[in-house]
Amino acid sequence: MTRLALTDLDKQACDLLIDKAKKAKFDVSIDQIGNIFIRRQGKNSNLNPVLMGSHADSQPKGGRFDGVYGVLAGLEVMLSLNDNNVQTERSIDLAIWTNEEGTRFAPAMMGSAVFAKKMKLENALSCQDNNGVTVKEELERIGYAGSDDFSQYNPYASLELHIEQGPILEKHNNVIGIVTGSLGQKWYEIEFIGEASHAGTTPMNMRRDAGFGMARAMLKLHDLGMQECDMGGRITIGEVKLDPGSRNVIPGRAWFTLEIRHPNKQALEKMDKKIYDLMHHIGKTNKLDVLINKILSISPLNFDQKCISVVREVTRNLGYSHEDMISGAGHDSCYLNYVAPASMIFIPCVNGLSHNELEDITFEWSEAGAQVLAHSIVKLASHGFEI
Ligand code: HGY
Ligand code: MN
Ligand code: MN
């Protein structure tokens with residue numbers, strides 16, 4: 001699956017979802033960053049709606065369930081309420097957040113960040129992909145540059161159903177993860193700048209080799225990640241570019257992405273400081289300039305206790321095995337958590353694998369997640385329920 005944000009495949013998926021929603025007579029709105037809101041009307045339109053949501057975009061060579069499972073389950077919940085003539089007090093909304101993965105256009109969770117006013121719309125619209133194409137140009141090209149104003153939209157509560165993308169639930173033989181919080185994360189783009197020159201004529205001690213500078217940095221960053229391993233810290237380098245990128249030219253520039261994650265805010269800040277110190281030390285000792293651009297910073301967070309208790313009570317009543325857990329992955333709910341009582345529901349994935357074509361779930365897990373989402377959202381939307 002390679003359904004990158006704002007590509008024709010992303011458009012195709014969203015067109016399909018909107019078509020299903022319109023056939024079921026749900027209202028559909030699209031905001032200026034392309035977030036899609038599908039509404040199933042409740043009895044009392046004066047009350048704030050309850051919100052489900054997730055994303056449709058995937059990683060390159062990613063899985064078929066990350067994000068889109070939560071969207072399809074949300075739509076299935078709304079269609080099942082129609083089939084059973086269930087009228088809820090509050091309207092029920094389903095959001096499809098633009099560019100959750102942040103792989104084509106960094107940073108991640110862009111649509112929900114703009115919605116939660118944690119990223120300026122104009123900054124998001126000006127983000128470029130590797131070919132210099134902007135978010136704005138692509139939204140216009142695929143017809144998702146919406147104009148519906150959601151700046152005053154105030155969800156009563158928000159739930160997101162998602163695959164865990166990790167090994168814990170399957171290992172513990174539990175079907176439902178009651179998600180109580182999420183790791184914090186920071187994203188950087190780092191570049192070492194040396195001097196391109198001939199691979200054959202330049203003696204080793206006269207080089208300013210950005211490539212080997214980056215290699216030294218990568219090893220030191222790996223050590224930093226391993227030091228934090230037992231405390232739940234993580235460090236990943238996902239993309240690397242050498243310039244000019246020729247096998248017989250000493251790289252003059254070496255650019256790479258770096259992301260760090262940690263459950264503890266202080267530890268995350270300490271890792272952040274160590275990264276700057278390390279990179280500048282490597283630059284100095286290897287006669288290289290260093291550019292560090294931090295493009296995302298989200299603190300570790302706790303989801304809303306009331307939302308969590310609704311999910312836990314529903315899961316217990318439905319008899320599904322479950323456990324509390326924090327999310328290693330970032331999700332749109334991390335931003336929703338700033339603007340509404342929010343929490344998440346996880347189901348396992350086979351061998352804990354995600355962001356990989358082998359990502360898979362069982363029908364039983366899929367159904368359990370959808371049932372917990374359905375009963376939780378109906379409870380939150382019911383008459384007299386106070387969060
Ligand atoms: O990277 C993440 O945590 C998410 O999958 N976008
Ligand atoms: Mn996801
Ligand atoms: Mn993902």
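Colleague: Which helices each supply at least two residues of the lining of the second largest pocket?
Modeller: First, this is a predicted model, where local features need pLDDT of at least 70 and side-chain atom pairs pLDDT 80 or more, while totals for chains, interfaces and linings use all residues. Residues are numbered from 1 along each chain as its sequence is written, chains are lettered from A and ligands numbered from 1 in written order, and side-chain values use heavy atoms, without hydrogens and water. A pocket is an open set of points on a 1 Å grid over the protein atoms alone, where a 1.4 Å probe fits, with protein on both sides within 12 Å along at least five of seven lines, and lining residues have an atom within 4 Å of a point. Counting helices as DSSP runs (H or I, at least four residues) from the N terminus, the two suppliers are helix 2 (68-83) and helix 11 (363-380).

Colleague: How many residues of that lining come from helix 11?
Modeller: Helix 11 spans residues 363-380. Its share of the lining is the largest, at eight residues.

Colleague: Which residues coordinate the manganese ion (ligand 2)?
Modeller: Donors are N, O and S atoms within 2.8 Å of the metal (3.2 Å for Na, K and Ca), and sites may look incomplete because water is not among the atoms. At 2.1 to 2.3 Å, the donors are His55 (NE2), Asp66 (OD) and His162 (NE2).

Colleague: Which residue bridges ligand 2 and ligand 3?
Modeller: Both ligands are manganese ions, and they lie 3.4 Å apart. The bridging residue is Asp66.

Colleague: Is His55 buried or exposed?
Modeller: Buried means under 20% relative accessible area, exposed over 50%, and partly exposed in between (1.4 Å probe, protein chains only). His55 has 0% relative accessibility, so it counts as buried.
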